[in-house]
Protein chains: 2
Amino acid sequence: MNIAVAQSGGPTCAINASLVGVFREALRNPVIDAVFGSKNGIEGLIKDDLTDLRRVIRTNEDMELLRRTPSTVLGSCRVKLPAPDDADGAHIFDQIFSCLEKHRIGAFFYIGGNDSMDTVEKLSRVGKERGSDIRFIGIPKTIDNDLPVTDHTPGFGSAAKYVCATVQEIIRDSSVYSIDSITIIEIMGRNAGWLTASTCMLRANGETAPHLIYLPEADFSSEKFLEDLAAEKAKHKAVIVAVSEGVDPDCGDDMRSGVSDNFGHKYLSGVGKALELLARDRIGCKVRSIELNVMQRCSSHICSKTDIDEAEAIGAEAVKAALRGENGVTMVFRRLSDSPYVVTIETADTSMLANKEKRFPKRWINRAGNGVSDEAVKYFLPLIQGEVDIFMNNGMPRHFKLTD
Amino acid sequence: MNIAVAQSGGPTCAINASLVGVFREALRNPVIDAVFGSKNGIEGLIKDDLTDLRRVIRTNEDMELLRRTPSTVLGSCRVKLPAPDDADGAHIFDQIFSCLEKHRIGAFFYIGGNDSMDTVEKLSRVGKERGSDIRFIGIPKTIDNDLPVTDHTPGFGSAAKYVCATVQEIIRDSSVYSIDSITIIEIMGRNAGWLTASTCMLRANGETAPHLIYLPEADFSSEKFLEDLAAEKAKHKAVIVAVSEGVDPDCGDDMRSGVSDNFGHKYLSGVGKALELLARDRIGCKVRSIELNVMQRCSSHICSKTDIDEAEAIGAEAVKAALRGENGVTMVFRRLSDSPYVVTIETADTSMLANKEKRFPKRWINRAGNGVSDEAVKYFLPLIQGEVDIFMNNGMPRHFKLTD
């Protein structure tokens, strides 16, 4: 049989490693013939736009380079499939199944976040209704770490490693002048505070900063924020604040809407700038805000070896799950121990993950709502361990590119 | 005799390596007793706030760690000394020379940019007028690469390496969706386009992006910018633009002042956001802007080995220059050859560098004013070569911290 794989949602450092995991495991299995890559996620199946991956990933070196390349080599999409019982949408599923059958695809692997798991769930449901024996398997990925069931998501560890390394460098940068300053760092994560909270790992390196950590899972009040800043300013010359993009700055419609109207932030963003304005207005010292922006999700040059290795392993396990007949499942990590760090890879019914969010646990947030506990440090630390040796060319990292 | 060293201006990845160069060379020379670090640049001499560096840099490992640590370990300042002939300012020089004499300091090394060279020039002038035999030596550093005489400045190569690696990752990130997009990346450099222009090195890695490069040394018109974008959009799905913070966006007072009024960018900044608004308004596709912000000057985790080695070497040569009696000079690089890359370290009269800017050569800018020539690639490439093995701790880079 043939198989197909696609990538969906926002880029990460690890999503190509999971693709390599699927590909490499397929090569090991004589029952699998062609491995197709579907371009731009599910769009490739709808439009019958597939690539024979053996033609583009030709050597072991190609595989090694691809697993070190950020973003999605096959492209991505944000397509939401129609409800299976919506008659108007039936033709979409007709196109997808026609493409799968035409290419004798026996298993389809979708690497993505909670929206993508919705796609896997719908495809497996429609497949069963249509009497198809094609297997649909979800492979998780998101820097937001907001998928339920799984201990963590591939892509998160590398994002957290980049964020910690960068925040530590910003701490050094912020402490050079003899004047007081406040630096507000806005970190991604949508409605979940995982990535912002991960900056607590800097404690393991002896840093006292970030002095304040604000997550969407805790209540936020701008007056309390100003009090927190004043208290930290009394203790530290350079106050460092980590704030999640999902925090509602609650500082008056004028300031918040000023940000969104003028700058059209239609995605969650702008809280750092809003808090900068507020602090400058009310505290009166040097205040700056920094958005780590898309660099958080694609900085493969400082990816986590643990993350990349796990991302490849979970892709390989997905192939094994399909070959043993599983369908409508998503691969998940189960953690057996923090130290030594031990995880197993299992399957979970995709309906348990599709369209669901796992938020940062309230029990790890302090009572003041401006910091996280050492329990969180223990959870996070194993995920950023190890460095991947990056292939360099002319002093810059080399990236794999599709030449097909 | 004793010597003293201080750091000034904005942080870089290499400024501590130059300090290590001074320190290590001093240890090799039996005529030098104590090596003092002046806290917060020249402020430390004014306030008699010195640290005996042998007490805080205790081992070879400390030196190795410090040369891998970004920003300024002794702190920095933005102090401009009074004119030597200004009677009102004489007490400042009295304080400085009294501190130097009290600690029997025979040579003072100031690591900084063009403003800091102004300090070196004034101190050496006042010293000569007062009959002092203290030597004042400038050691260049700035990510802006805007110092005259010297081929390039320590700190620039590491910043350029970070910028290229990051822009390359943003290129990967931008190309995932099937819709058209424009990504505008704002890069530091004050009035000089060196760091922005350095993104041309991505050509050596086979990248066609950035498709447009705008520098403050070329004329900029917003109408021409929109035409350029339209032309590139016809050729590329994801258009990447590199723009220097020093470019005047020239897109109507409303838009520019909207940025500065609401967001109080008192430093050069905001051109990326202004151009984003303009492009979104007039081109009508997905447009985003990204500020690389302070990460450009402190990302030691991906510093250039060439840069760090040279920064240490130029610090060491400064000590040798002082010992052979030079005074009022700044250390400079002279490039003998691009390939193989050969530089020598020489001295230049500090007055040739103080308060002066070297801008990106117009001959390397294309006629359309939106790109740079391959001559620039040849100039830049040697400066980002090689990787420093970073000391890691708990999955994050280790930084040296003053414990005194």
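Mentor: Start with one definition: a residue is buried if 20 or more other C-beta atoms lie within 10 Å of its own, and exposed if 12 or fewer do. Keep in mind that this is a predicted model.

Trainee: Is Glu207(B) buried or exposed?
Mentor: Glu207(B) sits in the loop between helix H8 (194-197) and strand E7 (212-214) of chain B. A residue needs 20 or more other C-beta atoms within 10 Å to pass the cut-off. Glu207(B) has 21 of them, so the answer is buried.

Trainee: What is the C-alpha separation of Glu207(B) and Gln168(B)?
Mentor: Leaving out residues up to four places away in sequence, Glu207(B) touches Gln168(B), Ile171(B) and Leu202(B). Glu207(B) and Gln168(B) are 39 residues apart along the chain, yet their C-alpha atoms are separated by 8.0 Å.

Trainee: Is Asn355(B) buried or exposed?
Mentor: Asn355(B) belongs to the loop between E11 and helix H14 (374-380) of chain B. Its phi is near 60°, a positive value in a residue other than glycine. With 11 C-beta neighbours inside 10 Å, Asn355(B) is exposed.

Trainee: What is the phi of Asn293(B)?
Mentor: Asn293(B) lies in the loop between strand E9 (286-291) and helix H12 (295-298) of chain B. Asn293(B) is buried, because 23 other C-beta atoms lie within 10 Å. Most residues other than glycine have a negative phi. Asn293(B) has a positive one, near 55°.

Trainee: Which residue does a cis peptide bond join to Ser339(A)?
Mentor: Most peptide bonds are trans. Look in the loop between strand E10 (329-337) and strand E11 (342-349) of chain A, where Pro340(A) has its place. Chain B has a cis bond from Ser339(B) to Pro340(B), with omega near 0°. In chain A, omega is about 0° for the cis bond that joins Ser339(A) to Pro340(A).

Trainee: Which residues touch the most other members of the largest nonpolar core?
Mentor: In soluble globular proteins, nonpolar side chains tend to be buried together. The largest nonpolar core here has 257 residues, and the members touching the most others are Phe109(A) and Phe109(B).

Trainee: From which domains of chain B does this core draw at least three residues each?
Mentor: Among the residues that Phe109(B) touches are Ile3(B), Val22(B), Ile139(B) and Ala318(B). For chain B, the core draws at least three residues from each of domain 1 (2-155 + 300-355) and domain 2 (159-298).

Trainee: How many other C-beta atoms lie within 10 Å of Val5(B)?
Mentor: Val5(B) is in strand E1 (residues 2-7) of chain B. Beyond four places in sequence, Val5(B) touches Leu19(B), Val22(B), Val35(B), Gly37(B) and Phe109(B). Val5(B) is buried, and the number of other C-beta atoms within 10 Å is 27.

Trainee: What percentage of the residues in chain A are buried?
Mentor: Chain A contains 14 helices and 13 strands. Its radius of gyration is 22 Å, close to the 22 Å of the globule rule for 404 residues, so chain A is as compact as a globular protein of that length. The C-alpha trace spans about 65 × 50 × 40 Å along its principal axes. Of the 404 residues in chain A, the buried part is 59%.

Trainee: Which element gives the most to the side of chain A that touches chain B?
Mentor: The contact takes 56 residues from chain A and 55 residues from chain B. Several elements of chain A each supply at least two residues, including helix H10 (253-263), helix H11 (271-282) and helix H7 (156-174). With nine residues, the element that gives the most is H7(A).

Trainee: What rotation superposes chain A on chain B?
Mentor: Two copies of a chain are related by a rotation about an axis and a shift along it. Of the interface residues of chain A, 98% are also interface residues in chain B, so the copies meet through the same surface. The shift along the axis is 0.0 Å, the RMSD is 0.0 Å, and the rotation is 180°. The two copies are thus related as by a two-fold rotation axis.

Technical notes
Residues are numbered from 1 along each chain as its sequence is written. Chains are lettered from A and ligands numbered from 1 in the order in which they are written. This is a predicted model: local features need pLDDT of at least 70, side-chain atom pairs count only at pLDDT 80 or more; totals for chains, interfaces and linings use all residues. A nonpolar core is a set of buried Ala, Val, Leu, Ile, Met, Phe, Trp, Tyr and Cys residues joined through C-beta atoms within 7 Å. Domain bounds come from an automatic or database domain assignment. Two residues are in contact if their C-beta atoms, placed from the backbone, lie within 7 Å. Helices (H or I, at least four residues) and strands (E, at least two) are DSSP runs, numbered from the N terminus. Copies are superposed by least squares on the C-alpha atoms of residues with pLDDT of at least 70 in both. The radius of gyration is taken over C-alpha atoms; the globule rule is 2.2 Å times the number of residues to the power 0.38.
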